[in-house]
Amino acid sequence: MAPHVDALYIFLLIVTGMMALLVFVLLIFFAARYRQRPDVRAEQIEGSTALEITWSTIPFVIFMVIFAWGAVVYFKERTPPADATEVYVVAKQWMWKVEHAEGQREINELHVPVGRDVKLIMTSQDVIHSFYIPAFRIKQDVLPGRYTVEWFRATKPGVYHLFCAEYCGTQHSGMVGSIVVQEPAQYEAWMKGASTGPLSASGEKIFAELGCATCHRSDTQGRGPNLQGVFGQPVQLEDGRTVTADENYLRECILDPGSKRVKGFQPIMPTFQGLVSEEQVNALVAYIKSISAAKPAGGAKTNAHLVSPRDPMSEQAQAQPNAQPDRSQVQ
Amino acid sequence: MWSWLLTTDHKRIALLYLISITFFFFIGGFFALLIRLELLTPAGDLVQADTYNKIFTMHGMVMIFFFLIPSIPAVLGNFLVPMMIGAKDLAFPRINLLSWYIYVIGGVIMLHCMITGGVDTGWTFYAPFSTSFTNTKIVEAGIAIFIAGFSSILTGLNFVVTIHRMRAPGMTWSRLPLFIWAHYATSIIQLLGTPVVAVTIVLVAAERALHLGIFDPKLGGDPVLFQHLFWFYSHPAVYIMILPSMGVVTEIIACFSRKRIFGYHFVAFSSIAIAVFGFLVWAHHMFVAGISVYSALVFSFLSYAVALPSAIKVFNWTATLYKGSIRYDAPMLYAFGFLGLFTIGGLTGLFLSALGINVHVTDTYFVVAHFHYIMVGGAVMGYLGGMHFWWPKISGRLYPEGWARLAALIVFIGFNLTFFPQFILGYMGMPRRYYDYSHMPEFQVLNVLSTAGATILGVGYLLPMVYFLWSMRYGKPASDNPWNAAGLEWKTASPPPTFNFDEEPVVTWEAYNYEELDAPHKEEVPVAG
Amino acid sequence: MPDNANASSLTAVHDHHGEAHAAHNPALLHHFVEEQQQRDAASLGMWVFLGTEVMFFGGLFCAYLVYRRWYFGDFAAASKTINMSLGATNTAVLICSSLTVVLAVWAAQTARKALLVSMLILTMVFGLAFLGIKGIEYKDKFEEHHVPGASFSFENVPIPGHPGQFANPRHAQMFFSLYFVMTGLHALHMIIGLGIFAWLLVMAWKGRFTPEWHTPVEIGGLYWHFVDIVWIYLFPLLYLIDRHP
């Protein structure tokens, strides 16, 4: 991603440099050439519509080029590849807690192999933070109460700065860390050393410990929906809407079960808000993903389904044609 | 003394404002000095983390709400708007005085808040940090800003009604000085934008004091909603800060080129366009905040749209110099400085509006440099230029021209040295609001340069304080129109009598009638100092 | 907007802005050229001020609308627990008060001092009635533990139209937070309005208003109408979510 950003940056430097140069040269030239002189009077010039149109249109065209280029780069930045390796990040004052899908945990560090697409699924335990890797030219605010996503593919081994870029209190300056990019072999070695078992396995344990399996059975007899294969699939809700079961949806179901109840089930699921930590939620989500099909339906929607469920764009993008978001029609 | 505190004369009220905002400027400047001193070294060794966080917060809050927002409108606007349109006073003189008292009350509360502990949220006081996680005096600071906001609203209200209803006979909209157009546009923004930040402050205060969970995610609230409400005002606010300055610069350039402004109507409508479009771009502060890709696209596009009228103005100002007869008095030096620095600041705005770049440089020193170029390199330069230009009218004295030119130069050099390195720091990745960068010692060199520049800049700001005060006693008395400038304000005495004009002027000439002014005799304009 | 007419005789007039509370006698106002200009300025000033109030309440309405869209069912359940009859009564009260305001302005225009005074008093009575009814509603909410905070409770309240589904208490609390902020700010504006009208009453009683000059009555009336209109929006937004006959 970085080279794309830098290319645009250099283009901007050149274009704005030229515009600035033009203005400065004119300013200096006019200031000198038209200095007050004893026998010379200023010439009153009303204006020139032609000139106004010219110097409105040309900059506007330039601006649109910059806009389009910037938009393309941004779109790539915000569209993680479908098969990216997922890493969960939990931000808290004032540290980064990182958890790989395979179970390795890190504090203020993230090990990744070179050349692999890595997608960060991030949330905050307290205030808004921001996960910033200057070397990769990427940044994404990390919010409490929902997941946000960031992705990158490191191209050179090395150690790179990680900063928190959204002011978060006393030790905001101290919330720094490193992205450690390793050759694949080194990375494998590190993974084995750090492993505590895959995240989804911890999730499975939590699933059992908290009694989720009592209602969410893997047959149709459960009082809760069967979660096999649910991740990434459209889900019909009691209120008539259809949503996609993405990470944010699963999280919401655990912490706020009434809000998007699945059609055909009673509203009896208790909330686990306050009973599970963010890391445990991540583990549960990882587990539920692991018992689903390998890929969500429709790879092209990869980015959209990780947007907050409250984002109207995501729901409209996924909704069935006849789904009615308007509850007043349900009677 | 009482005649001053109970005055309804817009000129005296302007001077009351001058004293108060200068006071707050130096307080904000003091905080800036502390910030730069801390950042001389990578380690956080001057002050503690919490203290530093309070310092940059107070620097922002004081500078924005108690200096920049009032500055030109409350001082130069109050002083000049009635005179420029040929009126005896503003439409609501008592409300004008009230607005000053409201400002002072807000200022006193802010001072009290700072002295008794201050606030550490950043001037942007994002939720949920400001609502649920900090123990500093948010509610008190919020009250101070809320009250100061009323002052801003009343000033805007006064200007709008005055400009609509109190123009002298013959003073049509097309004959208004562009300073008036700029203040009109500014007033629209003050009126429509400030109430939204006011209600945002009310919600934050309610959440803190009454435990209502409007922005609290644990209760289903959305912290990003706070950002939308906050920036809906705070983006237009930056146009409140720059538009008046553009108005000042327009007047100065016309006078010191001895010409009508090139493209009068385009400049006038650009001011209005900036005000209108300025309300449509707020979420460009939120590209990485978690808004959807599609929202981001829309706001990026609109941000380029709002850049266009500013560019048009720069071109028009430059074109005004063509075939002019240019003098380099201090006001004009400040205007030149404005043109250079505002151009750079505005062009870096193009970087920030580009989505792909914004992701990298937002929340870094790149943004800090960008907005200081506009607010300090733009707005403050304009303010100083205006103060020099109208000083003879306001005080009846001439300031020392040699010292003034020197100060302008020092400010220009100091400013660039302070803030240009910050663009580089930002692209290198130095985040904002860091007091300790010991993990990145490579940032030190540029920070040292920046602090050196800040010291120079400080000297440049102190000089006018000194010589303006000096001139009030020892400066040469000024004539009615020492610059032979166009505009009704120059047809009054220096300083003007209480009701400005002995009889109501009847305007039969276009604005910037420099041809007429220079026609009768080609005498030298008396040089100040 | 016509350009100002040529200067005519300076008449004894004075302007008033809805927010200022100082009492003034009609006196020579030096900075205006003529009465019409002064009246126009006062009127424009009040309209502009009301524009700022629209933005103030507008921001609040936006926040409300966002959350209502997200938590419609919970908001419907919460809305059902606030007393629609009292709300409707208040709406009628305010509409009547606007009528009395209009009559007061007419009375001032036509030199009917007795009518002016009585209409001003009646307007204030309506205003006080509104606040009284609001007080009853607040008390009810307090007793039902619907005031956000530590003692808030909203368990097992069904969502209208969805048997078996209960409202989420946290989202319901959001509704009540917004309810109290919105109606509270409105009530505050109402109290300020009562203050303004008290002042108008004193002035009217002293016979200060004439058909030639009664600007404060007009401007005060504008303010009151605005406060009324805000309520006209608040009432359906807050009280009438998903209600069915």
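1. The side chains of Glu43(A) and Lys323(B) meet in a salt bridge, with N and O 3.8 Å apart. This is a predicted model, and every value below is computed from it.

2. Where do the two partners lie? Lys323(B) is in the loop between helix H11 (293-321) and helix H12 (330-353) of chain B, while Glu43(A) is in the loop between H1 and H2 of chain A, so the pair joins two chains. Across the interface of chain A and chain B the rule finds two salt bridges. Over all chains, the count comes to 24 salt bridges.

3. Chain A contributes 80 residues to it and chain B contributes 96 residues. The area buried between the two chains is about 7800 Å², and carbon and sulfur atoms give 66% of that area. In chain A, the residues that lose the most area to chain B are Tyr34(A), Tyr74(A) and Tyr167(A); together they account for 9% of what that side buries.

4. Polar contacts are also found at this interface. Between chain A and chain B the rule finds 29 residue pairs in polar contact, both residues being at pLDDT 80 or more. On the side of chain A that touches chain B, the elements giving two or more residues are helix H1 (2-33), helix H2 (49-77), strand S7 (138-142) and strand S9 (158-164) of chain A. Which of these elements gives the most to that side? H2(A) does, with 17 residues. By class, the side of chain A that touches chain B comprises 46 nonpolar, 18 polar and 16 charged residues.

5. The division of chain A into domains deserves a separate point. Domain 1 of chain A covers 1-13 + 53-72, domain 2 covers 85-191 and domain 3 covers 199-329. The centres of domain 1 and domain 2 of chain A, taken over C-alpha atoms, are separated by 30 Å. Four residues of domain 1 of chain A are in contact with five residues of domain 2 of chain A.

6. Domain 1 and domain 2 of chain A bury about 330 Å² between them, with 61% of it on carbon and sulfur atoms. Met1(A), Ala2(A) and Asp6(A) supply 82% of the area that domain 1 of chain A buries against domain 2 of chain A, more than any other three residues.

7. How many salt bridges does the rule find across the interface of domain 1 and domain 2 of chain A? It finds one. The side chains of Arg137(A) and Asp6(A) meet in a salt bridge at 2.8 Å, N to O. Between domain 1 and domain 2 of chain A, one residue pair is counted in polar contact, with both residues at pLDDT 80 or more. The side of domain 1 of chain A that touches domain 2 of chain A has three nonpolar residues, no polar residues and one charged residue.

8. The last point concerns aromatic rings, for which the count over all chains is 96 aromatic pairs. A pair of aromatic rings is described by the distance of the centres and the angle of the planes. Tyr17(B) and Tyr103(B) form a tilted pair, with 5.6 Å from centre to centre and 50° between the planes. This pair links distant parts of the chain: Tyr17(B) belongs to helix H2 (residues 10-38) of chain B and Tyr103(B) to helix H5 (residues 93-115) of chain B, 86 residues apart.

Technical notes: Residues are numbered from 1 along each chain as its sequence is written. Chains are lettered from A and ligands numbered from 1 in the order in which they are written. This is a predicted model: local features need pLDDT of at least 70, side-chain atom pairs count only at pLDDT 80 or more; totals for chains, interfaces and linings use all residues. Side-chain values use heavy atoms; hydrogens and water are left out. Contact means heavy atoms within 4.5 Å. Buried area is the accessible area (1.4 Å probe) that two parts lose on being put together, summed over both. A salt bridge is a side-chain nitrogen of Lys or Arg within 4 Å of a carboxyl oxygen of Asp or Glu. A polar contact is a pair of N or O atoms within 3.5 Å; within protein, one must be able to donate a hydrogen and the other to accept it, and residues adjacent in sequence count only if both atoms are side-chain atoms. Helices (H or I, at least four residues) and strands (E, at least two) are DSSP runs, numbered from the N terminus. Ala, Val, Leu, Ile, Met, Phe, Trp, Tyr, Cys and Pro count as nonpolar, Asp, Glu, Lys and Arg as charged, and the others, Gly among them, as polar. Domain bounds come from an automatic or database domain assignment. Rings of Phe, Tyr and Trp (its six-membered ring) pair if their centres lie within 6.5 Å; planes under 30 degrees apart count as stacked, over 60 as edge-to-face and the rest as tilted.
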